[in-house]
Amino acid sequence: MTNHWVDIKNANLILIMGGNAAEAHPCGFKWVTEAKAHNGAKLIVVDPRFTRSAAVADVYAPIRAGSDIAFLGGVINYLLSTDSINHDYVNAYTDLTFLVDEGFAFKDGLFSGYDPEKRSYNKDTWKYQLGPDGYVLTDPSRQHPFCVYQLLKKHYERYTPDMVATVCGTPKEDFLTICKMIAETAAPNKTLSTLYALGWTQHSKGSQIIRTTCMIQLLLGNIGMAGGGVNALRGHSNIQGLTDLGLLSNLLPGYLNLPGESKPRQEPDEATDSPEQPMQPNQPEAVRQSAAAYIARSSLKPLRPNQMSYWQNFGRFFVSTMKAWYGDAATEDNGWCFEWLPKLDKMYDILQVFENMNNGEMNGYICQGFNPLASAPCKIKVSNALSKLKYLVVIDPLATETSEFWQDHGEYNDVDPTKIQTEVFRLPSTCFAEENGSIVNSSRWLQWHWKAADPPGEAISDQRILAGIFLKLREMYAKDGGAFPDPVLNLTWPYLTPHEPTPEELAREFSGKALFDVTDPSDPGKVLVKAGQQLNGFAELRDDGSTSCGCWLFAGCWPETGNLMARRDNSDPYGIGQTLNWAFSWPANRRVLYNRASCDVEGKPFDPSRSLVYWDADKSRWLGSDVPDFNAASPPADGMGPFIMNPEGVARLFAVDKMAEGPFPEHYEPVESPLAVNPFNGGNEAARFNPAARIFASDQDSFGDAAEFPHVCTTYRLTEHFHFWTKHARLNAITQPEQFVEIGEELAREKGIKAGDSVRVISKRGFIVAMAVVTKRIRPLEIAGKKVHTVGVPLHWGFLGVAKNGYLANTLTPFVGDANTYTPEFKAFLVKIEKA
Amino acid sequence: MALQSLDISARSATTTPAPKARKTPELAKLIDISKCIGCKACQVACMEWNDLRDTVNRNVGVYDNPADLSAQSWTVMRFAEVEPAPGKLEWLIRKDGCMHCSDPGCLKSCPAPGAIIRYSNGIVDFHQEHCTGCGYCIIGCPFNIPRISEQDGKAYKCTLCSDRIAVGTEPACAKVCPTGAIVFGTKEDMRLHAAGRVQDLQARGYSQAGVYDPPGLGGTHVMYVLHHADRPGLYSGLPKDPVLSPLVSLWKGVAKTVMNVGLATAVLAAFFHYVSQGPNKEHNEEEVA
Amino acid sequence: MQLTRRQLMKISAAGLAGSSMVALGMGPAKEALAGVRQFKLQRATEVRNTCTYCSVGCGLLIYSQGDGSLNAKASIMHIEGDPDHPVNRGTLCPKGAGLLDFIHSENRLHYPEYRKPGSKEWQRISWDEAFTRIATLMKEDRDAHFIGKNQHGETVNRWVSTGMLAASASSNETGYLTHKIARSLGMLAFDNQARV
């Protein structure tokens with residue numbers, strides 16, 4: 001979330017789309033009901049289903065699953081064509097006036113540079129025009145045909161209300177009602193808060209759906225404002241923290257890109273540090289493969305005068321992480337052990353990994369609190385892949401389906417154990433109630449929790465399990481040697497009881513400490529932090545090896561004064577929900593990101609009634625109800641932009657080369673779509689679905705077409721359950737005991753299905769059998785002159801648990817991923833349905 | 001615990017007058033259906049707090065689970081897909097459970113002394129140690145709430161968490177409710193709160209929004225805010241203008257003779273087998289009629 | 001007062017039963033005592049925690065039997081929302097309200113288990129056996145398939161034949177330690193539940 005849960009109460013309008021906050025995040029949704037009850041706010045819900053969020057909405061509109069960019073692009077068109085934009089905001093804080101490379105083009109659904117063979121783009125024209133000083137050229141009049149404003153207008157003028165109705169199935173009048181409501185928040189003192197979740201991410205173009213929303217919010221001036229923002233409602237209790245800590249194929253802690261190997265850069269997948277910060281192409285190998293070069297290319301220089309470009313500090317973050325990991329072994333001379341880090345040749349996301357596994361290229365897999373047999377797409381492929389492993393280690397508090405993928409569970413898991421040669425270990429870990437530690441919620445708050453009881457039986461903490469395996473490995477490497485033992489032998493292990501690192505020790509390690517005295521750069525005689533003491537924040541990190549910090553983004557969560565994550569002062573002195581002394585919010589305890597943008601260029605709040613920060617000329621400081629997301633001493637006259645992480649200092653409506661499928665979001669059909677042509681591009685087959693989506697050649701035959709599978713299927717959660725966990729909890733099993741699917745009354749009539757009948761839902765990849773819930777809440781949609789039905793599949797059942805056993809919903813889903821994040825397309829694919 | 005320390009204002013099948021000298025505030029739970037998302041947190045919290053576990057049953061083609069109240073489910077959500085105006089779909093979700101009537105039909109019907117108590121704060125509570133399982137409370141209830149347990153043959157229903165309220169805290173369902181659709185406080189405060197909610201709903205176009213606090217029962221200590229107060233039947237058959245069943249008034253004459261429950265059990269069992277098995281199945285027809 | 005036919009039948013039956021009971025000679029009852037159920041948390045130990053399910057991060061109060069004495073084995077008996085928490089303010093959703101049954105689920109794992117290739121069943125093993133066997137398998141695979149240099153002779157130090165999926169509800173402290181260990185081994189086939 002750019003903002004935070006309680007801040008939703010400050011909104012004037014709330015849009016829930018690509019999510020179902022009332023069901024998936026009920027206690028966060030409370031702040032929607034508070035905004036309605038106490039701030040006169042209106043709630044809009046756009047969803048293929050009339051959900052429990054819709055049940056309390058002021059306006060509900062249906063939409064075909066997978067057509068969100070068409071809808072949101074239509075909103076952009078409405079805002080631009082009615083000039084409902086916050087001009088002060090967009091002129092100063094976005095790239096609307098920037099000039100784009102004149103080679104940039106868009107035609108028939110494709111941007112300039114597409115290579116159909118590789119299904120990816122050469123992005124050379126996706127950039128701004130730079131002047132001789134290295135700064136971006138602009139046209140403040142916004143008339144230049146290649147200025148972002150003109151390109152944006154041109155791109156979205158095709159997204160007319162009629163096109164929206166045709167592609168989304170949303171009635172035109174409903175769409176226009178919603179546009180009008182959204183447009184009203186262009187007023188400086190009105191905000192829209194957008195809430196989304198996996199309903200937007202789990203598409204083959206999910207990242208671009210979210211970008212479209214960011215663009216709307218920028219045009220309205222709602223980013224950085226209290227009650228505004230683009231608010232990702234993360235799915236799991238600490239998926240935010242795990243992502244912040246970089247537990248992904250291509251990251252180091254704090255969103256530092258992991259270095260890639262240095263083949264000449266032909267394809268985006270092949271030689272990139274990370275998608276966020278692509279390398280500059282064609283550098284000599286020797287230069288690129290060094291810590292200095294890696295730091296240099298990650299330390300982005302400002303693209304406009306007087307901009308902060310905070311990634312210039314990349315070196316401080318990287319060096320401090322390497323000091324935390326390798327201690328004295330990491331020296332300036334060896335590039336802080338740069339060589340010890342694995343170098344990417346491609347992304348190894350979950351789809352790629354199961355593809356490799358299925359191809360017999362993997363031998364071992366460790367699943368820590370993760371149930372991929374249920375969570376990864378196309379169960380049959382996952383099951384086959386796991387069967388090819390030599391060993392599988394499952395660490396979990398509960399008996400998961402993955403841990404028993406080899407076991408015959410009848411119709412729900414029909415396998416022959418004698419034919420599966422995988423060695424499987426199942427290790428019992430503690431659950432939240434049996435440990436101390438911190439987790440990060442969607443508000444970016446690191447909250448500490450305390451142990452309440454011992455775990456059952458011989459279960460032990462994850463830290464002990466990890467230490468147990470690692471120390472055994474290290475002992476073997478010390479004794480027998482083996483492949484490249486250096487990083488294994490030299491990994492810092494300063495824990496007082498080595499086989500049981502404590503949460504407190506680990507938290508202090510990622511928060512960071514001074515290895516040598518840290519001095520004030522402007523006054524070298526002044527010691528800020530003494531050697532051995534905990535640091536106060538990332539501003540104190542150094543790139544000379546004098547500081548150690550496991551995750552710069554969390555720096556300062558445990559300073560010398562103690563554990564700030566455990567703070568419990570809920571006072572809210574400004575009455576707008578800014579409880580700065582509750583827990584610790586990254587970065588630097590800021591609660592609303594980009595909050596400098598809540599003020600005009602002079603530093604005066606756009607809306608004084610919910611001010612986050614302001615420029616205090618007397619004190620020459622930015623002050624307010626939040627920690628300024630800015631250089632607190634930089635006066636407005638300096639012209640520093642509020643988007644300090646971008647080298648431009650402003651937000652990008654034109655995404656330059658950051659996205660895989662283009663600088664402007666474009667509607668593409670889901671990979672499995674009821675439409676044979678994409679109405680937006682006149683039938684260009686190359687651009688029917690996302691031209692850069694993640695698809696493996698081996699899966700080509702696993703996709704169905706509308707002739708055989710006419711219905712759009714979407715998978716989702718129910719409020720009574722959490723993923724595949726609560727089917728193990730009796731209380732939740734009671735409230736939603738048995739697997740079901742939801743269909744509309746008309747489809748039910750067509751198929752002779754009654755509520756409570758058993759039905760079979762079939763995709764090209766398999767089938768499930770479940771009870772039918774027949775409802776008015778799912779209605780057929782008119783799409784391009786054709787009637788399209790939606791089939792809803794809740795995902796909570798499996799072959800283990802106290803709820804009634806059922807089929808894993810991912811039996812149905814396609815092995816397809818988003819082009820940027822590789823998130824699977826769980827929200828829109830094709831099925832047919834019949835009475836079982 | 002002695003009777004007066006609990007501020008009892010009425011007791012089933014008892015002639016001894018209740019103490020009246022002390023005045024305790026009347027409490028109430030307000031269920032604002034316009035804020036309810038049907039998440040069932042109240043159902044779960046109720047079972048968790050009261051140490052109840054209903055059976056893991058079947059899905060019968062609707063979201064309602066468990067499908068009905070039981071001795072293990074003292075509250076359930078009832079989901080209704082309605083179109084109050086043509087083409088305008090609404091999903092009205094009503095938390096069903098004991099209404100804690102000021103004039104409780106269950107208590108008046110109950111032949112077992114002390115099995116049903118009304119406290120002066122408005123809670124109507126069942127005391128199973130005195131319950132004979134006759135089921136007459138079910139017939140007496142205008143909302144069809146109490147249920148006989150299969151385990152012990154006694155009647156159960158929502159206690160309004162009398163154990164929590166007795167120590168100065170709120171009912172489990174009211175505390176847990178994520179959207180504030182359930183609020184709890186003095187009846188006076190709840191009326192005020194409800195008035196504000198009605199105003200908000202009217203401003204949003206629900207001209208018939210109102211409060212459900214049926215005067216025919218002397219008011220209830222569980223009230224609803226309804227968007228369509230003129231049509232309570234839309235909310236899974238919430239009765240319009242409920243009054244006590246004529247059965248209750250007739251039975252009251254019998255109850256006044258005050259029976260010894262232990263001796264009467266055999267007779268009652270035979271008698272109430274009929275009235276408890278019958279109405280459980282047929283009650284709905286009556287509501288519709 | 002309108003009576004339906006069915007009600008009339010019931011009333012006749014009730015009248016009959018009532019008169020029978022009076023005939024049995026029932027006298028006034030003794031004053032039976034009534035009381036509410038005892039409040040069960042009076043001296044339970046209260047610990048603050050955070051819900052493990054979604055990302056709202058609701059504050060919890062976990063109550064366990066026992067006051068922490070050496071001889072008292074704490075057992076969690078009840079969970080409710082933390083009223084001080086700025087986001088949930090004491091509320092919970094149905095999942096959070098049911099956490100007690102997650103903690104005490106009959107499907108919690110109690111000891112390390114091992115399944116042999118081709119076997120139809122689990123066998124119980126000790127932690128030391130588990131750690132030793134897992135470390136041996138990992139080392140065998142790493143030593144055999146570690147890629148020190150790519151085909152261009154460039155140092156890449158990666159190990160991609162064993163992968164790991166990291167948890168989504170484990171603490172930051174677990175996550176940090178996991179990352180530290182995985183990268184030191186050269187792992188790249190490393191992902192978390194952010195995508196699914």
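**Chains A and C**

The coordinates come from a predicted model, and the values given here are computed from it. The contact between chain C and chain A draws on 104 residues of chain C and 140 residues of chain A. On the side of chain C that touches chain A, 47 residues are nonpolar, 36 are polar and 21 are charged.

Strand pairing also links these chains. Strand E14 of chain A, residues 423-428, runs antiparallel to strand E4 of chain C, residues 113-115, and three bridges join them. Within this pairing, Val424(A) stands opposite Arg115(C).

Strand E12 of chain A, residues 364-368, pairs with strand E8 of chain C, residues 162-165, in the parallel sense over four bridges, and there Tyr365(A) stands opposite Gly163(C). E12(A) is also joined by five bridges to strand E13 of chain A, residues 391-396, again in a parallel arrangement; in that pairing Cys367(A) has Val394(A) as its bridge partner.

How many of the five residues of E12(A) are buried? The strand is mostly covered, with five of its five residues buried. In a regular strand the side chains alternate between the two faces of the sheet. In E12(A), Gly364(A), Ile366(A) and Gln368(A) point one way while Tyr365(A) and Cys367(A) point the other way, and all of these residues are buried.

The domain assignment of chain C gives domain 1 as residues 45-103, domain 2 as residues 110-143 and domain 3 as residues 146-196. Taken over C-alpha atoms, the centres of domain 1 and domain 2 of chain C are separated by 34 Å.

Just after H5(C), Gly186(C) takes a positive phi of about 90 degrees.

Chain B contains eight helices and eleven strands, and buried residues make up 57% of its 289 residues. Among the contacts in chain B with a separation of 6 or more, 64% are between residues 24 or more positions apart.

Met47(B) gives a local view of this chain. Met47(B) lies in helix H1 of chain B, and this residue is classed as buried because 26 other C-beta atoms lie within 10 Å. Leaving aside neighbours within four places in sequence, Met47(B) is in contact with Leu52(B), Arg53(B) and Asp54(B), and also with Leu731(A). The C-alpha atoms of Met47(B) and Gln72(B) are separated by 7.2 Å, although these residues are 25 residues apart along the chain.

**Backbone exceptions**

Most residues other than glycine have a negative phi, and most peptide bonds are trans.

| Site | Backbone feature | Value |
|---|---|---|
| Trp586(A) to Pro587(A) | cis peptide bond | omega near -5 degrees |
| Asn65(B) to Pro66(B) | cis peptide bond | omega about -10 degrees |
| His723(A) | positive phi | near 40 degrees |
| Leu160(B) | positive phi | about 55 degrees |

His723(A) is in the loop between strand E25 (711-716) and helix H20 (730-735) of chain A, whereas Leu160(B) is in the loop between strand E8 (155-156) and helix H4 (162-166) of chain B.

Is His723(A) buried or exposed? His723(A) is buried, because 22 other C-beta atoms lie within 10 Å. Leu160(B) is likewise buried, with 29 other C-beta atoms within 10 Å.

Terms used. Residues numbered from 1 in each chain as written. Chains lettered and ligands numbered in written order. Predicted model: local features only at pLDDT ≥ 70, side-chain atom pairs only at ≥ 80, totals over all residues. Contact = placed C-beta atoms within 7 Å. Nonpolar A, V, L, I, M, F, W, Y, C, P; charged D, E, K, R; others polar. Pairing = 2+ DSSP bridges. Helix = DSSP H or I, 4+ residues; strand = E, 2+ residues; numbered from the N terminus. Buried ≥ 20, exposed ≤ 12 C-beta atoms within 10 Å, placed from the backbone. Domains from an automatic or database assignment.
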